[in-house]
Amino acid sequence: MPDSRKDNTSDTERAELQQLSTRLSVRSSITHLAVALGASFICVIAAGITVKLGFDRNYLLSSAAGVLGLACFGVALRGFWKAQRLKTHEHTEFRRLQELRAKAGLD
């Protein structure tokens with residue numbers, strides 16, 4: 001019994017569909033977002049420790065906690081920026097995947 005779906009895709013489009021499906025099975029933007037959120041949390045903790053040690057007049061440890069906080073802030077900013085950039089790219093690839101699936105009659 002023949003399949004009633006129309007398959008108007010070429011071999012290259014089928015290969016692209018397979019590659020996109022494989023690439024989009026793992027969303028790396030989520031990993032970068034998780035790292036950025038963890039770094040943001042550590043940044044807030046380090047800021048609190050910095051202020052507390054500053055009030056206690058322990059300037060050496062306060063400075064060390066401040067440097068840790070700034071480093072975590074940098075990691076968080078970079079993570080958020082990279083996650084946003086990857087999310088945009090993944091969204092573009094997902095739209096292309098939907099087009100190929102519709103053309104192949106899979107949706």
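Me: Which helix is Ser 21 found in?

Reply: Ser 21 is found in helix H1, which covers residues 11–24. Keep in mind that this is a predicted model.

Me: Is Ser 21 buried, partly exposed or exposed?

Reply: Ser 21 has a relative accessible area of 31%, so it is partly exposed. The cut-offs are under 20% for buried and over 50% for exposed, with partly exposed in between.

Me: How far apart in space are Ser 21 and Gly 79?

Reply: They are 25 Å apart, C-alpha to C-alpha. Along the sequence, 58 residues separate Ser 21 and Gly 79.

Me: What about H1 and H3, at what angle do they pack?

Reply: The angle is about 140 degrees, and the axes of H1 and H3 are 10 Å apart. That makes H1 oblique to H3, because the label roughly antiparallel needs an angle over 145 degrees.

Me: Why give both an angle and a distance?

Reply: Because two packed helices are described by the angle between their axes and the distance between the axes.

Me: Is the crossing of H1 and H3 left-handed or right-handed?

Reply: The crossing of H1 and H3 is left-handed.

Me: Which residues of H1 and H3 meet there?

Reply: On the H1 side they include Glu 13, Glu 16, Leu 17 and Ser 21. On the H3 side they include Glu 90, Phe 94, Leu 97 and Arg 101. By class, the contact of H1 with H3 has six nonpolar, one polar and eight charged residues.

Me: Arg 101 then. What does it touch?

Reply: Arg 101 touches Leu 17, Leu 106 and Asp 107, leaving out residues up to four places away in sequence. Arg 101 sits in helix H3 and is partly exposed, with a relative accessible area of 29%.

Me: And how far is Arg 101 from Val 67?

Reply: Their C-alpha atoms are separated by 50 Å, and the two residues are 34 residues apart along the chain.

Me: New topic, H3 itself. How many residues does it have?

Reply: H3 has 46 residues and reaches 66 Å from its first C-alpha to its last. That is close to the 68 Å expected at 1.5 Å a residue.

Me: And H2, how far does that one reach?

Reply: H2 reaches 41 Å from first C-alpha to last, with 28 residues.

Me: How do H2 and H3 cross?

Reply: Helix H2 (residues 28–55) and helix H3 (residues 59–104) cross at roughly 160 degrees, and their axes come within 7 Å. That makes H2 roughly antiparallel to H3. The crossing of H2 and H3 is left-handed. The contact residues divide into 21 nonpolar, 10 polar and three charged.

Me: Which residues of H2 are buried?

Reply: They are Ser 29, Ala 36, Ala 39, Cys 43, Ala 46, Thr 50 and Leu 53. These buried residues of H2 pack against H3.

Me: Pick Ala 39. What is it in contact with?

Reply: Apart from neighbours within four places in sequence, Ala 39 is in contact with Cys 72, Val 75 and Ala 76. The relative accessible area of Ala 39 is 8%, so it is buried. From Ala 39 to Phe 73 is 6.8 Å, C-alpha to C-alpha, though they are 34 residues apart in sequence.

Me: What about Ala 34, buried or partly exposed?

Reply: Ala 34 is in helix H2, and at 48% relative accessibility it counts as partly exposed. The C-alpha atoms of Ala 34 and Ala 46 are separated by 18 Å, and the pair is 12 residues apart along the chain.

Me: What sits in the loop between H2 and H3?

Reply: Arg 57 is in that loop. Arg 57 has a positive phi of about 60 degrees although it is not a glycine. Most residues other than glycine have a negative phi. Arg 57 is also exposed, with a relative accessible area of 62%.

Me: And what follows H3?

Reply: H3 is followed by Gly 105, whose phi is positive, near 80 degrees.

Note on methods. Residues are numbered from 1 along each chain as its sequence is written. This is a predicted model: local features need pLDDT of at least 70, side-chain atom pairs count only at pLDDT 80 or more; totals for chains, interfaces and linings use all residues. Side-chain values use heavy atoms; hydrogens and water are left out. Axes are lines fitted to C-alpha atoms, for helices over the stretch in contact, and angles run from 0 to 180 degrees between N-to-C directions. Helices (H or I, at least four residues) and strands (E, at least two) are DSSP runs, numbered from the N terminus. Angles under 35 degrees count as roughly parallel, over 145 as roughly antiparallel, 65 to 115 as roughly perpendicular and the rest as oblique. A crossing is left-handed if the near helix is turned anticlockwise from the far one by less than a right angle, and right-handed if clockwise. Ala, Val, Leu, Ile, Met, Phe, Trp, Tyr, Cys and Pro count as nonpolar, Asp, Glu, Lys and Arg as charged, and the others, Gly among them, as polar. Buried means under 20% relative accessible area, exposed over 50%, partly exposed in between (1.4 Å probe, protein chains only). The expected span of a helix is 1.5 Å times one less than its number of residues. Contact means heavy atoms within 4.5 Å.
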